[in-house]
Structures are given as structure tokens and as C-alpha cells.
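Please read the points with the structure open.

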Amino acid sequence: MARTLAQKLWDAHVVRSAEGEPDLLFVDLHLVHEVTSPQAFEGLRLSGRRVRRPDLTVATMDHNVPTRGGIRAADELSRKQMDVLTENCRREGIPLHQIGSRRQGIVHVIGPELGLTQPGMLIVCGDSHTSTHGAFGALAFGIGTSEVEVVLATQCLPQKRQGDLAVNVSGDLPLGVTAKDIVLGLIGRTGTSAGQGHLVEYRGPTIRSLSMEGRMTVCNMSIEWGAKAGMVAPDETTFEYLEGRPHAPRGPMWEKALEYWRSLATDEDAAFDGEIDLDAGKLEPHVTWGTTP
């Protein structure tokens, strides 16, 4: 049976499926930061549980980090959150990229930069813009604090299967038009809720011509029009970006990974629940203001 990229990723992570119930999905990578994790760790402590897979969990400080002056420049609440994250990671044996580390940074950026984010993965984080990682052909989405606790305790997460939505983008981007304008143009046409209940695959020659940073921008903004997640099938651009990264496979494992990653693309005769066509050649630079994109 022909399957879409999203269907392949979802099916590969189902631990348990029962009629009338959400699927139970295995999580390959759980990214943690200082804002949405304190209550989750406290819930584990109060129930006498430990983090099930600290080796599949990575933490960084990024949401309440001062741009200058280090942790001493942070306000009292931010310092407390960062201190608590440090202690929780120490107790549970979770790798932490804290202030002062060369690998500390925005959680959705260090994943790709370190090669932690890879095609075929299911990635979650307590942040709505976790869909950024979908640019690498991963199924990635944000979760709430109670779900953070569930993943810490079980490395699994119950989820209702979503619909498949294709966004086909063709045409050359005009001068001054960027990857962000693609999504803003899409939102301007469809509204801020057209993606609700869907896993979106961004497709077409325009998407293929984008750098990984451009693809990350597009997938990052999937949440802005209501989608659960956004993704781009991995290709040579993806592989060139990942090769040699600290956590990327090496040697024979790299070749084995490439074989699997190349199999993730949507099958030629696979059907989507819906499709949207966008002519990139007609886009203009966008400016947003107020509380809505």
C-alpha cells in the first residue's frame, strides 16, 4: 500500500494501537528546556518515578536566557528555572547544554546543528515550534507539560492519528521573497486554522530549492496555521547538512542510515487527505503585525 511520508513516520513509531483509542507512539528524541519541564520533573519525583530513557533526552537552557551577562543577569524566576533544570538533569543523568557551554542554544537549532535531529525520528519538546525539526524528514511536534512528564516516565506518548495534507509549492521565488514569505503567503490565502488536525508535508520544486535553514523556517511556522506538524522529505540537501555532525552516523552506519532515509519519501501513488497548490512566483515580501500572522 502506497504511503505518505507522515504515514511512514507514524507507522514506524506505533507501539500499541487499539480501535477507539489513540495510538501509543515511541519517542526517539525528547528535547527539554527550563520553562516547561520543572513541573514534569516534580511530578516524577512525587510519584517515585525516574526518567526512563535519559539517553534519548537532551536538555538546554534557551527560553529565559539573558543575551548578555550570563545566568547572573537573569531575573529571579529565570535563575530559579535554570537552577532547577540543572539539578533535575544532574539527578536523572540527562545531558544538559547550559549557559557557558559551546553547545547551548535555541532548542530547535542545536538539535540540527549537533546532528541529534535526523530523518525518520519522532521528536517532541515542550514548545509549539518543535515542528522545526520536520525539515529533516522527522515527525516533530510540541507537547504540554503533562505530556512532558509522560514522555520522561515512559518514552512513549498517546496520540490521535492526524490527517495528511500536502502543500505543493512551485515557481521561482521573486527577489526579496524568503522562506518565511512562503508560509505567510499560505496563511494569508488559507487562514490561521486550515492546518488543524493535519500533518503537513511541504513539497514541490520551490521547497526542494530551499536550504535546510529555509526548510526549517517553513516547518517552524506550521503551528501558525494550526497544523500539528510540518515536514519535508529528506534529500541530498538534508544529507549534506547532516554529514559529519557530532551525533550523525559515521562510516558503515552512515551508509545504512542513508538507505533508510531515502525510503521515507512519499510513494508516487500515495493519496493525501487534502492538497494545496501555491505559486511561489506570485508571492511578495510580507510584513505582519499585531497578534496574528
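1. **An arginine in a partly exposed pair.** This is a predicted model. Start at R16. Its relative accessible area is 45%, so R16 is partly exposed. R16 forms a salt bridge with E21. The closest N and O atoms of the two are 2.8 Å apart. E21 is partly exposed too, with a relative accessible area of 41%.

2. **A network of charges.** Salt bridges that share partners join R3, D11, D23 and R161 into one network. Within it, the side chains of R3 and D11 meet in a salt bridge, at 3.1 Å from N to O. D11 also meets R161 in a salt bridge, here at 2.9 Å from N to O. Where do D11 and R161 lie? D11 is in helix α1 (residues 5-12), and R161 is in the loop between β8 (156-159) and β9 (163-170). The pair therefore ties together parts that are 150 residues apart in sequence.

3. D11 is partly exposed, at 33%. R161 is partly exposed as well, with a relative accessible area of 40%.

4. **The salt bridge total.** How many salt bridges are there by this rule? The count comes to 14. As background, side chains of opposite charge can pair when their charged atoms come close.

5. **The largest core.** The largest nonpolar core has 70 residues. L139, Y202 and W225 have the most contacts inside it. Helix α6 (residues 179-190) gives the largest share of this core, 6 residues. Why does the core lie between domain 1 (5-159) and domain 2 (163-282)? Both domains give residues to it, so it lies between them.

6. In general terms, nonpolar side chains tend to be buried together in soluble globular proteins.

7. **A valine in a loop.** V35 is found in the loop between β3 (29-32) and α2 (38-47). V35 is partly exposed, with a relative accessible area of 27%. Buried would need a value under 20%. Which residues does V35 touch, not counting those up to four places away in sequence? They are H63, N64 and Q81. Look also at D127. The C-alpha atoms of V35 and D127 are separated by 9.3 Å, and the two residues are 92 residues apart along the chain.

Definitions and conventions: Residues numbered from 1 in each chain as written. Predicted model: local features only at pLDDT ≥ 70, side-chain atom pairs only at ≥ 80, totals over all residues. Heavy atoms only, no water. Core = buried A, V, L, I, M, F, W, Y, C linked by side-chain atoms within 4.5 Å. Buried < 20%, exposed > 50% of the residue type's maximum accessible area, 1.4 Å probe, protein only. Helix = DSSP H or I, 4+ residues; strand = E, 2+ residues; numbered from the N terminus. Domains from an automatic or database assignment. Contact = heavy atoms within 4.5 Å. Salt bridge = Lys/Arg side-chain N within 4 Å of Asp/Glu carboxyl O.
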